[in-house]
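This report describes how the parts of one protein chain are arranged. Please look at the sequence and the structure first.

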Amino acid sequence: MEIWNNPSCSKCAGARASLDEARVPYRLRAYLTEPPTADELTEVLRRLDARAWEICRTGEPAATAQGMADWPRDDATEARWVAAMVEHPELIQRPILLLDDGGALVGRTPEALDEAVRRSGR
């Protein structure tokens, strides 16, 4: 699996520790320095079965500066949300776990991490 990782994030550290404990192999992607393309982020949203605003950290300074909390949340504006997160990857919720089975999870809860381990076959 691949983890979109921010090394200074406690939730990312927790995800790495849980996967290490379960001996689940993973690759780290430093998404802040290797930001996704719009196509990659759109594919991740498909794998998460989520809309862009559902994984956007609207409290971050870059989001506040753009007034993103007040942006419409509809089909017509989803590309705008994706573009903002590509330009400012710190807006992407973390950690995102891209599972080898083609799915994805936001690994912020113990339940999500348990699901990632289960789906890895460990």
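The text below goes through the sheet, the helices, the nonpolar cores and some backbone details. The model is predicted.

**The sheet**

Strands of a sheet pair through backbone hydrogen bonds, either parallel or antiparallel. In this model, 4 strands form an open sheet in the order E2-E1-E3-E4, and the pairing is mixed. E2 (27-29) and E4 are the edge strands, each pairing on one side only. From one strand to the next, the twist averages 20 degrees. Strand E1 (residues 2-4) and E3 run antiparallel and are joined by 3 bridges. Within this pair, Ile 3 has Leu 97 of E3 as its bridge partner.

**Helix H5**

Which residues of helix H5 are buried? In H5, which covers residues 110-120, they are Ala 112, Leu 113, Ala 116 and Val 117. Seen down the axis of H5, these buried residues fall within an arc of 140 degrees, so they line one face of the helix. They pack against helix H1 (10-21), strand E3 (96-98) and strand E4 (104-106). The face of H5 turned away from the buried side carries Pro 110, Glu 111, Asp 114 and Arg 118, which are exposed. After H5 comes Gly 121, with a positive phi near 85 degrees.

**Helix H4 and its partners**

Helix H4 (residues 78-87) has Glu 78, Trp 81, Val 82, Ala 84 and Met 85 as its buried residues. Viewed down the axis of H4, they fall within an arc of 160 degrees, so they line one face of the helix. Exposed residues Ala 79 and Glu 87 sit on the face turned away from the buried side of H4. The buried residues of H4 pack against helix H2 (38-48) and helix H3 (61-66).

Two packed helices are described by the angle between their axes and the distance between the axes. For H2 and H4, the angle is about 115 degrees and the axes are 9 Å apart. H2 passes H4 in a right-handed crossing. At this contact, Ala 38, Leu 41, Thr 42 and Leu 45 of H2 meet Glu 78, Val 82, Met 85 and Val 86 of H4.

**The nonpolar cores**

The largest nonpolar core has 24 residues, and those with the most contacts inside it are Trp 4, Ile 55, Met 68, Met 85, Ile 92 and Ile 96. H2, H3, H4 and E3 are the elements that give two or more residues to this core. Apart from this core lies another, of 11 residues, including Ile 3, Ala 15, Leu 99 and Leu 113.

What is Ile 96 in contact with, leaving aside its neighbours within four places in sequence? Its contacts are Glu 2, Ile 3, Trp 4, Val 44, Leu 48, Ile 55, Leu 105 and Val 106.

**Backbone details**

Most residues other than glycine have a negative phi, and most peptide bonds are trans.

The peptide bond from Arg 94 to Pro 95 is cis, and its omega is near -15 degrees. Pro 95 is in the loop between H4 and E3.

Methods:
Residues are numbered from 1 along each chain as its sequence is written. This is a predicted model: local features need pLDDT of at least 70, side-chain atom pairs count only at pLDDT 80 or more; totals for chains, interfaces and linings use all residues. Side-chain values use heavy atoms; hydrogens and water are left out. Buried means under 20% relative accessible area, exposed over 50%, partly exposed in between (1.4 Å probe, protein chains only). The arc is that of the directions from the helix axis to the C-beta atoms. Contact means heavy atoms within 4.5 Å. Two strands pair if DSSP finds at least two bridges between them. Axes are lines fitted to C-alpha atoms, for helices over the stretch in contact, and angles run from 0 to 180 degrees between N-to-C directions. A nonpolar core is a set of buried Ala, Val, Leu, Ile, Met, Phe, Trp, Tyr and Cys residues joined through side-chain atoms within 4.5 Å. A crossing is left-handed if the near helix is turned anticlockwise from the far one by less than a right angle, and right-handed if clockwise.
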